[in-house]
Every structure is written in structure tokens, then in C-alpha cells.
Amino acid sequence: ERALLWIAYRGLSTPLPWGWRACATNDGATYFVDFSTGESAWQHPADAHFKNLVAVERLGLHRGNMLRLPGLEMIVETVQEYRL
């Protein structure tokens with residue numbers, strides 16, 4: 001879904017929130033820990049946000065219009081430069 005590539009780019013480049021760190025199990029699997037709360041997760045803490053964003057954008061595409069999000073043009077330009 002080419003129109004949603006900007007979300008993938010942004011999701012992959014989003015830093016961990018304050019207090020979170022990427023860790024690895026003995027067999028090399030990555031997991032994330034919030035050292036301020038003790039919470040841990042197998043997915044990046046922002047994954048749910050980006051999955052929801054994909055769902056919202058798919059709905060907009062289905063209806064024939066991409067939603068206009070702040071900074072969208074800058075993100076699209078960045079993705080286009082990244083793909084070159």
C-alpha cells in the first residue's frame with residue numbers, strides 16, 4: 001500500500017519514549033522495558049498508535065481521500081527522498 005508508506009517510515013524511525021529501552025533475550029529476541037514503571041512488551045511502545053493510524057488512513061483511502069494530518073507533506077517528501 002504505497003499511500004501508507006509514510007506511516008511505515010515514521011513507525012520505524014520513532015524513538016522509544018522516555019524510560020523505555022530495547023533489550024534482548026538470551027536467544028536474541030528483542031523486547032522493550034520501561035525502567036520507570038517496570039512494564040515490558042514484545043512490541044515497540046508506539047506500535048499500537050501506528051496500527052491505529054494505518055486503520056484510520058485506510059478508511060480515508062477507501063472513501064477516496066487521504067486524511068490531512070499536520071506535517072503530512074514533510075513526511076511524504078522525506079519518504080520520497082528515502083526511496084530514491
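This is a predicted model: local features need pLDDT of at least 70, side-chain atom pairs count only at pLDDT 80 or more; totals for chains, interfaces and linings use all residues.
Good morning. The chain has 84 residues, and 23% of them count as buried. Among contacts between residues at least 6 apart in sequence, 43% join residues at least 24 apart.

Let me turn to the interior. In soluble globular proteins, nonpolar side chains tend to be buried together. Which residues make up the largest nonpolar core here? There are 7 in all: Leu4, Trp6, Ile7, Ala46, Phe50, Leu53 and Val54. Helix H1, residues 5-13, and helix H2 each supply at least two residues of this core. The helix that gives the most is H2, with 3 residues.

My second topic is the aromatic rings. The structure holds 1 aromatic pair. It is formed by Tyr31 and Trp42, whose ring centres are 5.9 Å apart. Why is this pair called edge-to-face? The planes of the two rings stand at 65°, and an angle over 60 degrees counts as edge-to-face. The pair links distant parts of the chain, with the two residues 11 apart. Tyr31 belongs to strand S2, whereas Trp42 sits in the loop between strand S3, residues 40-41, and helix H2, residues 47-62. Are these two residues buried or exposed? Tyr31 has a relative accessibility of 24%, so it counts as partly exposed. Trp42, at a relative accessible area of 56%, is exposed.

We now follow strand S2, which covers residues 30-34, to Asp34. This residue is buried, yet Asp34 has no salt bridge. Where is the nearest side chain of opposite charge? That side chain belongs to Arg21, and it is 9.1 Å away. A salt bridge would require the charged atoms to be within 4 Å. Leaving aside residues up to four places away in sequence, Asp34 touches Gly19, Trp20 and Glu39.

What does Arg21 lie over? Arg21 is placed over the face of Phe35, at 4.9 Å from the ring centre.

Thank you for your attention.

Note on methods
Residues are numbered from 1 along each chain as its sequence is written. Side-chain values use heavy atoms; hydrogens and water are left out. Helices (H or I, at least four residues) and strands (E, at least two) are DSSP runs, numbered from the N terminus. Buried means under 20% relative accessible area, exposed over 50%, partly exposed in between (1.4 Å probe, protein chains only). Lys and Arg count as positive and Asp and Glu as negative; His and the chain ends are not counted. Contact means heavy atoms within 4.5 Å. Rings of Phe, Tyr and Trp (its six-membered ring) pair if their centres lie within 6.5 Å; planes under 30 degrees apart count as stacked, over 60 as edge-to-face and the rest as tilted. A charge sits over a ring if NZ of Lys or CZ of Arg is within 6 Å of the ring centre and within 35 degrees of the ring normal. A nonpolar core is a set of buried Ala, Val, Leu, Ile, Met, Phe, Trp, Tyr and Cys residues joined through side-chain atoms within 4.5 Å.
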